[in-house]
Amino acid sequence: MSRRWCPSIAGMIWVGVWTFPLLDTMSTVRGPVSGTALVLFWALYIYTAALGFEGNEVTRTKHTFFAAVAALGLTIAAVHGSHWLVVLLFVSVCGIAVYGGAPKPVAALTVFLAALAAIAVIGLAHGVPTAELATTLIATTLSSALVAVVRQLNRTVAELHRTREALAVAAVAEERLRFSRDLHDLLGHTLSVIVVKAEVVRRLAERDPAAAAAQAADIEDVGRRALVEIREAVTGYRESGLTAELTRARGALSSAGITAEVQRAAAPLPDPADHLLAWVLREAVTNVVRHSEAKTCTITLTTDDDAATLSVADDGRFTATTSTLPGNGLRGLTERLRAAGGTLETGPRPGGGFSLQANVPLATPA
């Protein structure tokens, strides 16, 4: 069953609750004109009450049909009075069904108060006994309050449906962003290593074919490993650890002619922090290989009671006068670390070169 029909069904159920009171009123019909007017009122009421539960916006159609219900109901009550005052109860309920879905249902409250006033005025004009008049007023109040609660509940459910759909869209967008960051980190690092090794092969091809062949074999290994990692990333099972990434970093830096100095004064990290710092190290080393023209790169990993800190510093050509606008990789790392409660600090070193420092809580969520 389509969800858009649920409000109409709820409205029809509410209409059914008041079938017998209205039939009791119809038993007092005097003449064909009164009977026809009451049947027409009942038909308009059924349609308008059900229409009122269809969405929370108030359309011109809803306005028109409620105006017809109110005018016909008021005319019937004014002409007949007495036992027919209950028709105005339906006018109040119908008005709340139509206007009660707004965030501030002022119109619904106005209809309710106007219905109470009309019952009181018409009842007194027709000499309706005080007890009967009070009973009608109380019944109108209780019925209107009940419909108002149901109407607001209906509006809340509709908002929850919209919120759930919005969250689903946001989750998809967030997953796309995460996946794009992962692919950037994977391919950026791998392609940088392949480019560096290809340059080495080109330089060694003539004077040292054996060394060039060894570098070409490394390119093949890097390419095969990249294919595996991309497949794992696509299936969502990639879990690259920091230890493996340190090994890869040494190889990538060495291939680029950069001396790697690794200082790891840290015990094994929890998996979430370990994997997150592995991403940081991959992106940092990729940037060193690609942009720094450094001779030495120092990688330092330390921990304290609450957090782990990874520092990657090089002695390349980056200075305080060089542009410091972050690239996509650093922006991705910043977002990733911020989501995990960590921080990323980057910038030029005083003596030249570039420094990157990532701080990750040891209780980082996966």
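Author: Gladly; what follows is a set of questions about labels, each answered from a value and a definition.

Author: This is a predicted model, in which local features need pLDDT of at least 70 and side-chain atom pairs count only at pLDDT 80 or more, while totals for chains, interfaces and linings use all residues. Residues are numbered from 1 along each chain as its sequence is written, and side-chain values use heavy atoms, with hydrogens and water left out.

Reader: Why is Ser311 called buried?

Author: Buried means under 20% relative accessible area, exposed means over 50%, and partly exposed lies in between (1.4 Å probe, protein chains only). Ser311 has 18% relative accessibility, so it counts as buried. Its place is in strand β3; strands (E, at least two residues) and helices (H or I, at least four) are DSSP runs, numbered from the N terminus.

Reader: What makes Glu293 exposed, and which label does Ser180 get?

Author: Glu293 is exposed because its relative accessibility is 63%, over the 50% limit. Glu293 is found in the loop between α10 and β2. Ser180 has a relative accessible area of 38%, so it is partly exposed. Ser180 sits in helix α7 (residues 130-204), and its C-alpha atom is separated by 9.1 Å from that of Gly332, 152 residues apart along the chain.

Reader: What is the phi of Glu293?

Author: Phi of Glu293 is near 55 degrees, a positive value in a residue other than glycine. Most residues other than glycine have a negative phi. A glycine with a positive phi is Gly352, near 105 degrees, in the hairpin of β4 and β5, which has five residues between the strands.

Reader: How do you know that β3 and β5 pair?

Author: Two strands pair if DSSP finds at least two bridges between them. Strand β3 (residues 307-314) and strand β5 (residues 354-361) have seven bridges, so they pair, in the antiparallel sense. Ala308 has Val360 as its bridge partner in β5, and Ala307 stands opposite Pro361. β4 and β5 also run antiparallel, joined by six bridges, with Pro348 opposite Phe354.

Reader: Which residues does Ser311 touch?

Author: Contact means heavy atoms within 4.5 Å. Leaving out residues up to four places away in sequence, Ser311 touches Thr298, Ile299, Thr300, Ser355, Leu356 and Gln357. The C-alpha atoms of Ser311 and Ser355 are separated by 7.2 Å.

Reader: What makes β1 and β4 edge strands?

Author: The open sheet has five strands in the order β1-β2-β3-β5-β4, with mixed pairing. In this sheet β1 (259-265) and β4 (343-348) each pair on one side only, and they are the edge strands. Helix α9 (residues 242-255) packs on the sheet, touching β1 and β2 (296-303).

Reader: How do you know that α5 is close to its expected span?

Author: The expected span of a helix is 1.5 Å times one less than its number of residues. Helix α5 (residues 86-99) has 14 residues and reaches 20 Å from its first C-alpha to its last, close to the 20 Å expected. Of its 14 residues, 14 are buried, and α5 is mostly covered.

Reader: At what angle do α3 and α4 cross?

Author: Axes are lines fitted to C-alpha atoms, for helices over the stretch in contact, and angles run from 0 to 180 degrees between N-to-C directions. The axes of α3 (residues 32-52) and α4 (residues 60-80) come within 9 Å and cross at roughly 145 degrees.
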